[in-house]
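Biologist: I would like to learn how to read helices, cavities and pockets in a model. Please take them in turn.

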Amino acid sequence: MKKINSLLLMGIFMISAIAVSAQAKLKSGEASVLKGQTIVNLQFDYAKMSVGKYSNEQDYVTNGIADRNKKKTGSGDEWGKQWVGDRQDKFQPMFEKNLNERTGQFGITFKEGARDAKYTLICRTTFTEPGFNIGITRQRAWIRMEIDLVETANPGTILATIEMKKEESLSMAGYDFDTGSRIQSCYDRAGEHLGVFFIKNVLK
């Protein structure tokens with residue numbers, strides 16, 4: 001019985017590892033130039049992001065501000081500021097933290113604003129589903145990302161593109177009521193999965 005349980009546990013771990021590594025896939029190019037680097041610049045881009053049913057973010061934000069201001073004057077404007085501010089305050093730091101927790105053992109650090117680094121990862125979020133939780137029903141948030149590896153001095157030439165099709169938020173035991181926290185969880189997982197990708201495909 002103990003042997004069977006051990007085999008089952010090993011199987012679960014193997015399935016989990018495969019699922020994690022499959023989250024980030026090389027779409028084109030080659031990322032091996034990162035091996036031996038000590039620091040890589042991170043740059044985040046939301047310029048061509050669609051949100052939920054909206055094909056562009058601006059329409060989503062404009063409607064979100066108007067709807068909230070109708071219910072409570074000024075609440076929409078505050079929400080609009082938070083929608084953008086959460087990127088710098090929550091999403092990007094979490095992505096960077098989890099990425100470095102995986103890759104740090106190999107002597108490489110990914111850091112936003114490290115413009116002296118030879119290489120840059122341009123992290124483009126192309127889609128965000130904010131999700132919702134109204135108690136009786138809920139939907140997890142998720143994001144789609146494309147990561148372009150470029151030379152910092154020559155960003156027009158893409159050396160590799162890594163695709164992350166669906167980074168879904170954790171359930172947080174059903175207490176994921178805050179939109180910012182739900183989306184932060186997506187970047188949490190994206191950073192982890194990108195780190196696993198680099199370990200398996202570049203750094204080992």
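Biologist: What should helix α2 (residues 57-71) span at 1.5 Å a residue, and how far apart are its end C-alpha atoms?

Modeller: First the ground rules. This is a predicted model, in which local features need pLDDT of at least 70 and side-chain atom pairs count only at pLDDT 80 or more, while totals for chains, interfaces and linings use all residues. Residues are numbered from 1 along each chain as its sequence is written, and side-chain values use heavy atoms, with hydrogens and water left out. Helices (H or I, at least four residues) and strands (E, at least two) are DSSP runs, numbered from the N terminus. The expected span of a helix is 1.5 Å times one less than its number of residues. With 15 residues, α2 should span 21 Å, and its end C-alpha atoms are 22 Å apart, which agrees.

Biologist: Which residues of α2 are buried?

Modeller: Buried means under 20% relative accessible area, exposed over 50%, and partly exposed in between (1.4 Å probe, protein chains only). An α-helix has 3.6 residues a turn, so residues three or four places apart point the same way. In α2 the buried residues are Glu57, Tyr60, Val61 and Gly64. They cover an arc of only 95° around the axis (taken from the directions from the helix axis to the C-beta atoms), which puts them on the same side of α2. Gln58 and Lys70 are exposed on the other side. The cover over the buried residues includes β3 (50-51) and α3, where contact means heavy atoms within 4.5 Å.

Biologist: What lines the largest cavity?

Modeller: On a 1 Å grid over the protein atoms alone, a cavity is a set of points where a 1.4 Å probe fits but cannot get out; a pocket is an open set with protein on both sides within 12 Å along at least five of seven lines; lining residues have an atom within 4 Å of a point. Here the lining is Tyr46, Met49, Trp83, Arg87, Phe91, Thr128, Ile183 and Tyr187. Helix α3 gives the largest share, three residues.

Biologist: Which residues lie nearest the centre of the largest pocket?

Modeller: Tyr60, Glu129, Pro130, Gly131 and Phe132 do, out of 15 lining residues. Tyr60 is also one of the buried residues of α2. At least two lining residues come from each of α2, β6 (132-133) and α4.

Biologist: Why does Thr103 count as buried?

Modeller: Thr103, in helix α3, counts as buried because its relative accessibility is 0%. Leaving aside neighbours within four places in sequence, its contacts include Ile108, Phe110 and Phe198.
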